[in-house]
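Q: Could we go through this model together, starting with its loops?

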Amino acid sequence: MIDLGRLRALHAVATHGSVGSAADALGYTPSAISQQLAKLERETRTVLVEKRGRGIVLTDAAQQLATTAAQVLQLVEAAELTLEEQHGQAIGSLLIAAFPTAARGLLPAVLPRLIDDNPALDVRVSETDPFEAVAAVARGEIHIAVVHDWHNTPLALPDEVSRVKLGSDPADILVPASHRLAGKEFVRADDLVGERWICQPAGTICHDWLIRTMRKAGVEPDVAYSVAEYQTQLAMLARGIGIGLLPRLGRGSLPEGVVAVPLQPAPSRRLYAVWRTATARRPAIAVTLAALKAGWQDRDTA
């Protein structure tokens, strides 16, 4: 009988294109994935991988087996869903992904409630960018993800993924206290011409939002400092470096020397919980969505 874990490893390599990427997706080391593939070769008496340069490629036989593996894994998931439904309670593993400020500003209030109310649920969390999180949910590697987008930078979802809106997170222009804009009641995009921006790296939703928003106003933003972590951005601002636009969720108190100035029109990002539609009947999904909604409402009214 073919081992299910080895089929899962093969399927991950076929899906992600390399042993390293498959290991990242499954939470194993590349060596562990390679060992699973080697055991599967012996188990099936079939050559499944061939060396190419420093990496490997799957043989035609492996690709065919990976297709079958996908079908088998879907059947196993369906069986697990049925059993969990019959238990009538949230059990098994629950993998949550969240972007950094949601992991800091929302999940610490949500997780204790979720864990205490569902002792048979094994909750695990990974900090993941929204684009990557949605893809991981679609592949079945993550059960629920907290993601965000902006009105002019919507986050596309695959057909097999569902979502529910949790709320909106306003954002402000942040400047050093000595900056020419620090005392203004509000600013508009044309007030920001010539400024040097601190912003998240290219390819992130926040970076795309800044570029589209400023270009729409006829301004080409000068992103001089590409910084992923908001707390690092705040540290630079406190030293009089650049300007930034930071959402309020997970931002915390502003350090001395940093001033928030509202931008008009006022920007805000939309927060969603997303999950694979096929898993919606899992009690674990239902209780997690309820906990996320309650956590956001508690934060909103605090």
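A: Proline 265 lies in the loop between strand E10 (258-261) and strand E11 (268-276). Strands (E, at least two residues) and helices (H or I, at least four) are DSSP runs, numbered from the N terminus. The model is predicted: local features need pLDDT of at least 70, side-chain atom pairs count only at pLDDT 80 or more, and totals for chains, interfaces and linings use all residues. Residues are numbered from 1 along each chain as its sequence is written, and side-chain values use heavy atoms, leaving out hydrogens and water.

Q: Is the peptide bond from glutamine 264 to proline 265 cis or trans?
A: That bond is cis, with omega near -5°. Most peptide bonds are trans.

Q: Where is arginine 45 found?
A: Arginine 45 is in the loop between helix H3 (30-44) and strand E1 (49-52). Arginine 45 is not a glycine, yet has a positive phi of about 55°.

Q: And is arginine 45 buried or exposed?
A: Arginine 45 counts as exposed because its relative accessibility is 79%; exposed means over 50% relative accessible area, buried under 20% and partly exposed in between (1.4 Å probe, protein chains only).

Q: Changing topic, how do strands E7 and E8 run?
A: E7 (residues 196-199) and E8 (residues 222-226) run parallel, joined by four bridges; strands pair if DSSP finds at least two bridges between them.

Q: Which residue in E8 is the bridge partner of arginine 196?
A: The partner is aspartate 222.
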